[in-house]
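Let's take a tour of this protein together. Have a look at the model first, then read on.

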Amino acid sequence: MTTDARSLGEGPGRQRILGIYLNDHLAGATAGAELVRRMVQEHGDTPYGEELRSLEVEISQDRRALLRLMTELHAPARRYKVYGAWVGEKLARVKPNGRLLRRSGLTVLVELEALRTGITGKARLWHALLSAAPAEPRLDSDLLEGLLRRAERQITRVDALHDRAASALLSPAGSPRTAPRAAADSTSGGNPV
């Protein structure tokens with residue numbers, strides 16, 4: 001281990017690194033909350049709507065949990081990162097999609113993939129903080145375990161939505177379709193191999 005890596009575990013260097021790490025995740029949480037909010041607006045009246053609304057509530061709760069943790073850890077939110085993520089999510093909407101004035105039918109797939117990436121990052125944050133909890137009394141292991149389990153469930157739900165959307169959008173009309181992987185796994189009671 002290098003001297004630099006060892007020195008991050010103690011004192012002001014550790015607090016600074018922790019603050020940067022948490023603020024980066026807060027920026028991601030802000031972009032994710034905006035993305036799922038927009039997805040609810042765009043797809044709320046589709047078969048995906050109910051599940052997206054549920055995810056929107058949970059993702060907003062997770063963002064608030066992160067803000068509370070940051071307060072407890074004395075890591076102030078850096079507004080420029082939050083605003084930058086908010087603006088970045090808005091700019092990400094402007095992309096070529098083969099249509100001049102309306103959204104592509106494939107947009108839901110790309111959005112679900114982006115949402116999954118964000119949730120996976122959030123799960124890694126909770127896992128990292130859980131790893132640090134034994135040495136950091138301000139971190140509540142039970143809370144972090146609950147947040148991690150919820151993120152894992154969110155990933156499963158987004159995967160099931162993605163499977164449904166991919167099947168609906170990409171399968172040839174009239175071809176036999178197999179059950180989406182996540183739905184098949186939940187009905188059989190087994191885990192994917």
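Two residues are in contact here when they have heavy atoms within 4.5 Å of each other. Keep in mind that this is a predicted model, and pLDDT is the predictor's confidence in each residue, from 0 to 100. For residues 96-101 the pLDDT stays under 50, and the model gives this stretch five contacts beyond four places in sequence. Across the protein chain the mean pLDDT is 79, with 70% of the residues at 70 or more. Residues 1-8 are another stretch with pLDDT below 50, and they have four contacts beyond near neighbours in sequence.

Now for the inside. The largest nonpolar core has 40 residues, and Leu22, Trp126 and Leu129 are the ones that touch the most other members. Helices H2 (11-43), H3 (49-72), H5 and H6 each give at least two residues to this core, with H5 supplying the largest share, 10 residues. Leave out residues up to four places away in sequence, and Leu129 still touches Leu18, Leu22, Leu69, Leu139 and Leu144.

What about the surface? Leu106, Leu169 and Leu170 make up a nonpolar patch there, with about 270 Å² of accessible area together.

| Residue | Where it sits | Relative accessible area |
|---|---|---|
| Leu106 | loop between helix H4 (79-92) and helix H5 (107-132) | 41% |
| Arg153 | helix H6 (residues 141-170) | 47% |

Why does Arg153 count as partly exposed? Because its 47% relative accessibility falls between the 20% and 50% cut-offs. Arg153 is also 34 residues from Ile119 in sequence, while their C-alpha atoms are 9.9 Å apart in space.

Key
Residues numbered from 1 in each chain as written. Predicted model: local features only at pLDDT ≥ 70, side-chain atom pairs only at ≥ 80, totals over all residues. Heavy atoms only, no water. Patch = residues over 30% accessible without salt bridge, like charges linked within 9 Å, V, L, I, M, F, W, Y side chains within 5 Å. Areas by Shrake-Rupley, 256 points an atom, 1.4 Å probe, with all protein chains shown as cover. Salt bridge = Lys/Arg side-chain N within 4 Å of Asp/Glu carboxyl O. Helix = DSSP H or I, 4+ residues; strand = E, 2+ residues; numbered from the N terminus. Buried < 20%, exposed > 50% of the residue type's maximum accessible area, 1.4 Å probe, protein only. Core = buried A, V, L, I, M, F, W, Y, C linked by side-chain atoms within 4.5 Å.
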